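Please keep the sequence and the model in view while working through them.

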Amino acid sequence: MRIGFIPERDWDTLWQLAVAPGPFADPHWVASFSDDTPTEIVTAVTTKLADLYRPGEDARLTERTAGPLEWIAPYAAAGWTAHEVDTGQLTLHSPDTLAKVTYSLRPLAREDAEQAGQDGRYTIGTVSRTGWYGRFSSGTPSRILDAASAAMLDPAPIARYRSELSPFSRRTASITPITPPVPTPGDLQRAAAARACTAPRTVQAAPTDAGTRLAWTTTTPGPRHR
């Protein structure tokens with residue numbers, strides 16, 4: 001099982017997850033997310049994966065996957081509707097038409113994948129090409145897909161700093177300012193430690209009164225006069 005954030009890639013699919021029988025073997029299944037995927041989505045997937053993991057019980061990580069109707073069922077129940085797309089894809093759009101999920105009837109060819117084993121069978125994300133996306137390959141356990149769907153469909157508001165909002169989010173999200181929480185003593189301590197690590201160090205010279213020598217000087221003092 002490998003999970004990593006790979007910032008040196010040439011594209012924006014930076015979050016990558018793979019479950020394989022060995023370090024150099026082809027993966028059983030993989031998941032990947034663009035770098036701007038909401039943290040709640042990525043967290044839901046990695047949390048469920050950690051919950052499935054048991055030493056010596058590899059079968060839990062390769063349990064049955066979901067068929068197309070099972071995959072779209074929770075979205076259809078939430079009011080998402082089918083939309084005409086390219087041949088070979090089953091796609092549903094959210095009620096506000098800003099998000100979509102897709103099941104590919106013909107997965108990507110091996111040479112077209114941005115990650116080994118990523119055939120793009122299941123996709124979640126925004127309708128806009130400038131938004132975020134997540135992909136799951138064939139063989140992804142249904143409980144992993146269910147975790148992603150639950151996070152995708154969760155209507156609860158999420159907290160974001162204004163500087164974290166992408167242009168797409170600024171145009172489409174309903175934004176309600178909130179009062180920042182009062183920092184705890186632990187928060188203040190961590191902030192102080194961070195400032196101490198990044199603040200430039202200054203050297204203050206000692207006063208040059210008679211009889212006082214600068215502690216940091218490397219100059220050899222001249223002979224004393226009697």
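Which residues does Gly125 touch, not counting residues up to four places away in sequence? The first point gives the reply.

1. **Gly125 and its surroundings.** The model is predicted. In it, Gly125 touches Ala99, Lys100, Trp132, Tyr133 and Met152, when residues up to four places away in sequence are not counted. Gly125 has its place in strand β7. Its relative accessibility is 2%, and Gly125 therefore counts as buried. Phe33 is 92 residues from Gly125 in sequence, yet the two C-alpha atoms are 9.4 Å apart in space.

2. **Overall architecture.** The secondary structure comes to five helices and eight strands. Read along the sequence, these elements follow the pattern β-β-β-α-α-β-β-β-β-β-α-α-α. The protein has 226 residues, and 29% of them are buried. Of the contacts between residues at least 6 apart in sequence, 47% join residues at least 24 apart. The protein exposes about 15400 Å², of which carbon and sulfur atoms supply 56%.

3. **The nonpolar core.** How many residues does the largest nonpolar core have? It has 29, and those with the most contacts inside it are Trp71, Tyr75, Ile124, Phe136 and Met152. At least two residues of this core come from each of the strands β2 (13-19), β3 (29-34), β6 (99-104) and β7 (122-126), and likewise from each of the helices α1 (39-52), α2 (68-77) and α3 (142-153). For Tyr75, contacts beyond four places in sequence are with Trp80, Leu92, Val101, Ile124, Ser149, Met152 and Leu153.

4. **Leu92, a contact of Tyr75.** Leu92 is found in strand β5. With a relative accessibility of 4%, Leu92 counts as buried, because the cut-off for that term is under 20%. The C-alpha atoms of Leu92 and Tyr75 are separated by 7.5 Å, although the residues are 17 apart along the chain. Residues up to four places away aside, Leu92 touches Ile72, Tyr75, Ala76, Trp80, Thr81, Ala82, Ala99, Lys100 and Val101.

5. **Aromatic pairs.** The structure holds five aromatic pairs. For Tyr103 and Tyr122, the ring centres are 5.5 Å apart and the planes stand at 65°, so this pair is edge-to-face. Tyr103 lies in strand β6 and Tyr122 in strand β7, so the pair ties together parts that are 19 residues apart in sequence. Are these two residues buried or exposed? Both Tyr103 and Tyr122 are buried. They also belong to one aromatic cluster, which is formed by Trp71, Tyr75, Trp80, Tyr103 and Tyr122.

6. **Ala31 in strand β3.** Ala31 is found in strand β3. Its relative accessibility is 0%, and Ala31 thus counts as buried. Leaving aside neighbours within four places in sequence, Ala31 is in contact with Trp15, Gln16, Leu17, Gln115, Gln118, Arg135 and Phe136. Ala31 and Val45 are 14 residues apart in sequence, and their C-alpha atoms are 9.1 Å apart in space.

7. **The largest pocket.** The volume of the largest pocket is about 1900 Å³. Its lining consists of 48 residues, of which Ile158, Arg160, Leu165, Ser169 and Ala173 lie nearest the centre. The elements that give two or more residues to this lining are α1, α3 and α4 (167-172). Which element gives the most to the lining? It is α1, with five residues.

8. **Asp51 in helix α1.** Asp51 lies in helix α1. Asp51 has a relative accessible area of 37%, which means that it is partly exposed, since this value falls between the 20% and 50% limits. The C-alpha atoms of Asp51 and Leu61 are separated by 9.9 Å, and the two residues are ten apart along the chain.

9. **A backbone angle at Thr97.** Most residues other than glycine have a negative phi. Thr97 is not a glycine, yet its phi is positive, at about 65°. Where is Thr97 found? Thr97 is in the loop between β5 (89-93) and β6.

How values were computed
Residues numbered from 1 in each chain as written. Predicted model: local features only at pLDDT ≥ 70, side-chain atom pairs only at ≥ 80, totals over all residues. Heavy atoms only, no water. Core = buried A, V, L, I, M, F, W, Y, C linked by side-chain atoms within 4.5 Å. Buried < 20%, exposed > 50% of the residue type's maximum accessible area, 1.4 Å probe, protein only. Helix = DSSP H or I, 4+ residues; strand = E, 2+ residues; numbered from the N terminus. Contact = heavy atoms within 4.5 Å. Phe/Tyr/Trp six-rings, centres within 6.5 Å; stacked < 30°, edge-to-face > 60°. Areas by Shrake-Rupley, 256 points an atom, 1.4 Å probe, with all protein chains shown as cover. 1 Å grid on protein atoms, 1.4 Å probe; cavity = no way out; pocket = protein on both sides within 12 Å on 5 of 7 lines; lining within 4 Å. Points joined across faces, edges and corners; volume = space filled by probe spheres on them.
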